[in-house]
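Student: Could you walk me through this model and tell me what each term rests on?

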Amino acid sequence: MGNFKLWGLKKSPWVFHVAAASCNNCDIEILDVLTPRWDVERFGIVLVGSPRHADALLVTGVLNRKSLPRVLRVYEETPKPCLVIGVGTCTCHCHMFEKSYNVVGPYDKHLPIDVYIPGCPPKPEAIIMGVVKALQRLK
Ligand code: SF4
């Protein structure tokens, strides 16, 4: 990746939120980091409305038969290189839904996940730290 593009990505990552099949608590925590209390926009982290504008995907919830094709489509539509950040314990190892009839396994079976943020749900500080760790992986 060119130095200028890398610099821009590290300074101001645009993220797209993908809720696969979550209970919504992780999604609420993601929204929380945008509120004035945490205000991640001051670090240049901006939530965008289309994967075509995103540098990183924040995925929540488990992958099931219905959500998998949709999540893969969002990933395909995101310009590469893009970071994929799993938010919540559901993304780490399917959590309590592991033995559910329609769960299709952990994320790393289907997507290149850069960072997992464990927690049910993770705190806003952990989500911010996860995004920072994902950015540190960029070279
Ligand atoms: S990790 Fe917990 S809070 Fe997040 S989607 Fe799964 S069950 Fe809900």
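The talk below goes through confidence, the sheet, the helices on it and the cavity.

Student: What should I know before reading anything off it?
Tutor: This is a predicted model, where local features need pLDDT of at least 70, side-chain atom pairs count only at pLDDT 80 or more, and totals for chains, interfaces and linings use all residues. Residues are numbered from 1 along each chain as its sequence is written, and side-chain values use heavy atoms, with hydrogens and water left out.

Student: How do you know what confidence the chain has?
Tutor: pLDDT is the predictor's confidence in each residue, from 0 to 100. The chain averages 92, and 99% of the residues score at least 70. By element, the lowest mean pLDDT, 77, belongs to helix α1 (residues 3-11), and the highest, 97, to α3.

Student: What makes β3 and β4 a pair?
Tutor: Strands are DSSP runs of E with at least two residues, helices are runs of H or I with at least four, and both are numbered from the N terminus. Two strands pair if DSSP finds at least two bridges between them. Five bridges join β3 (residues 56-61) to β4 (residues 83-87), so by that definition they pair. T60 faces V87 in β4 there.

Student: How do you know that β1 and β2 pair?
Tutor: Two bridges join them, running parallel, and the cut-off is at least two, so they pair. W14 has V46 in β2 as its bridge partner.

Student: Why are β2 and β5 called edge strands?
Tutor: The open sheet has five strands in the order β2-β1-β3-β4-β5, with parallel pairing. β2 and β5 (115-117) each have a single partner strand, so one side of each lacks a neighbour in the sheet.

Student: What makes you say that α5 packs on the sheet?
Tutor: Contact means heavy atoms within 4.5 Å, and α5 touches β3, β4 and β5. Its direction makes about 170 degrees with that of β5; axes are lines fitted to C-alpha atoms, for helices over the stretch in contact, and angles run from 0 to 180 degrees between N-to-C directions.

Student: Why is the space inside called a cavity?
Tutor: On a 1 Å grid over the protein atoms alone, a cavity is a set of points where a 1.4 Å probe fits but cannot get out.

Student: What makes its lining nonpolar?
Tutor: Lining residues have an atom within 4 Å of a point; among them are V15, I30, L58 and I127. Ala, Val, Leu, Ile, Met, Phe, Trp, Tyr, Cys and Pro count as nonpolar, Asp, Glu, Lys and Arg as charged, and the others, Gly among them, as polar. The lining of the largest cavity has 12 nonpolar, no polar and no charged residues, and α5 gives the most, with three.

Technical notes: On a 1 Å grid over the protein atoms alone, a cavity is a set of points where a 1.4 Å probe fits but cannot get out, and a pocket is an open set with protein on both sides within 12 Å along at least five of seven lines; lining residues have an atom within 4 Å of a point.
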